[in-house]
Structure formats: structure tokens, C-alpha cells
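Grab your viewer and follow along.

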Amino acid sequence: MQIFLTYSDIALASSLIIIVLLISWRLRLRLSKTLLIAALRTIIQLSFIGLILAWIFAREQWYEVLLILTVMTLIAGSAAKNRVKRSYKGLLTDTLLAVGISAILVTAIAIIAILNVQPWYTPQFIIPILGLILGNSLTAISLTSNQLIESFHEQSGRIEMMLSLSAKPFEAVHEQIKAAITNGMTPTLNSMLVVGIVSLPGMMTGQILAGADPTQAVRYQIVTMFLICVSSTLGCTISALLIYRRFFNKKDQFILLQ
């Protein structure tokens with residue numbers, strides 16, 4: 001059985017936001033404005049992308065698919081940069097590289113080697129897979145970047161002391177890099193530990209609600225969880241290494257970027 005949602009169903013679901021607004025008002029969370037903006041943007045952005053995807057799915061032109069993939073990647077890199085509290089010149093480039101390299105590489109493996117999609121630019125597959133990977137990767141990368149930059153500023157004295165004791169640059173910041181990557185990977189690992197027991201992920205739930213075979217939905221979810229894990233790990237590692245090189249000059253001297 002497949003249930004088709006109407007505009008009245010969406011309106012009823014939207015009205016549930018009132019509960020959140022009441023909680024925010026009663027506890028003085030001061031989130032009412034943010035919640036309203038977030039709810040409005042959710043409706044507008046998803047409705048807009050739905051129209052675009054319907055148009056792209058009908059045409060299946062590789063250059064149109066490539067354009068939307070590029071835009072998605074650029075937005076993801078920018079979003080990851082904006083979540084970092086301490087910025088520096090070149091941070092946007094670093095986050096774009098970390099997000100782009102990790103997400104595009106893993107998506108290519110999924111499309112070509114695992115799913116064997118023909119042609120590769122079939123929008124039904126490549127757009128949602130890249131979007132899923134980007135959404136999780138940018139969170140992991142922003143967490144890694146934020147903690148690593150903060151730790152470099154807070155522990156600059158310790159790093160300089162280790163350098164004065166003949167430690168190599170990577171040795172002096174290895175603990176900070178390790179902690180930052182671990183922090184970035186924590187949400188992904190937590191999701192993998194409870195998936196199927198505590199939670200049913202969105203992709204799997206959506207497929208089941210749409211009437212798909214539950215066993216196939218499970219297989220797709222297993223594949224996507226591993227794709228997300230690999231992409232997040234690669235993204236966090238690339239981000240950490242790029243930031244690490246930014247904080248050392250050509251003479252391997254530690255510098256604090258502002």
C-alpha cells in the first residue's frame with residue numbers, strides 16, 4: 001500500500017511546530033524566531049528542489065546533473081566553513097577541498113563500482129546519494145575543523161614547547177589532530193551503533209513508507225551507512241591535515257592564524 005500525501009497533510013504536520021514554539025516560549029529558550037525561519041526555509045527549499053529534481057529527472061542531461069552536483073558541493077563546503085567559530089583566510093578553500101574530495105570520491109565508488117548505474121549521471125541515483133553523503137560529511141568536517149582550530153589556539157604554548165624540544169611539527173600536534181578527527185567521527189559512529197535497534201534512518205524509513213521491499217531498503221541503508229562512514233573519515237582527515245599545514249610556515253614554525 002502506498003499513501004500519497006496531500007497539501008492538507010503537510011499543513012497538519014507543519015502545525016506541530018506550535019508545540020516546539022510553546023516549549024521555547026515557556027522555557028524562555030529564545031528560539032521562536034529561529035524555529036519559524038527554519039520551518040519556513042524547510043518548506044520553501046524542499047518545494048523548490050522538488051520542482052528542480054522533477055525537471056532534471058525528466059530530462060536526464062549529464063551537464064544539468066553535473067551542475068546541480070557542483071552547486072550542492074559548493075553549498076556544503078560553505079556550510080561547513082560557516083559552522084567553524086574561529087575562521088582564517090583560506091578556511092573556505094580547505095573545507096571545500098575536504099568536502100568535495102571525500103564526497104565525490106565515495107559517490108563515484110558507489111555509483112560505478114557498487115550500484116553499477118548506467119549511465120553514471122542518472123539523477124535518480126547520483127543526486128540523492130551525493131546529497132546524503134554531503135549532509136553527513138559537512139557535519140563531521142565542521143566538528144573536526146572547529147575543535148582542531150580551537151585546540152591550536154588554546155594549546156599553542158604546549159605545541160611550541162614540544163617544538164622547542166625537537167619534536168617535528170606533526171608530532172607536536174598529533175594529539176590535537178587525533179582528538180579532532182575522533183570528535184568529527186562521533187556522530188557517525190553513534191548512528192552506526194544504534195541503527196536498526198534504536199533508530200530507523202531516514203532513507204530506509206522513506207523507502208518503506210513508499211512501499212519498497214523492506215529487505216531491499218535494509219540493503220540500501222547498509223550501503224549508505226558505510227558510504228557515510230568512509231566519506232566522513234576521509235573528510236575529517238583531509239580537513240585536519242589541511243588545517244595542520246596552515247598553522248605551520250615553510251620553516252615548520254607554528255603560527256596562529258586569525
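**Exercise 1.** Work out whether glutamate 64 is buried or exposed, and find its salt-bridge partner.

*Solution.* Start with the area: glutamate 64 has a relative accessible area of 10%, so it counts as buried (under 20%; exposed is over 50%, partly exposed in between, with a 1.4 Å probe and protein chains only). Next, the partner: its side chain meets arginine 59 in a salt bridge, N to O 2.7 Å (a Lys or Arg side-chain nitrogen within 4 Å of an Asp or Glu carboxyl oxygen). Arginine 59 itself is partly exposed at 36%.

A word on the ground rules: this is a predicted model, where local features need pLDDT of at least 70 and side-chain atom pairs pLDDT 80 or more, while totals for chains, interfaces and linings use all residues. Numbering runs from 1 along each chain as its sequence is written, and side-chain values use heavy atoms, without hydrogens and water.

**Exercise 2.** Find which parts of the chain the salt bridge between arginine 246 and aspartate 94 links.

*Solution.* First, the contact: the N to O distance is 3.0 Å. Then place the ends: arginine 246 sits in helix H10 and aspartate 94 in helix H5, 152 residues apart (helices are DSSP runs of H or I, at least four residues, numbered from the N terminus). Finally, accessibility: arginine 246 is partly exposed at 31%, whereas aspartate 94 is buried at 3%.

Definitions and conventions: Helix = DSSP H or I, 4+ residues; strand = E, 2+ residues; numbered from the N terminus.
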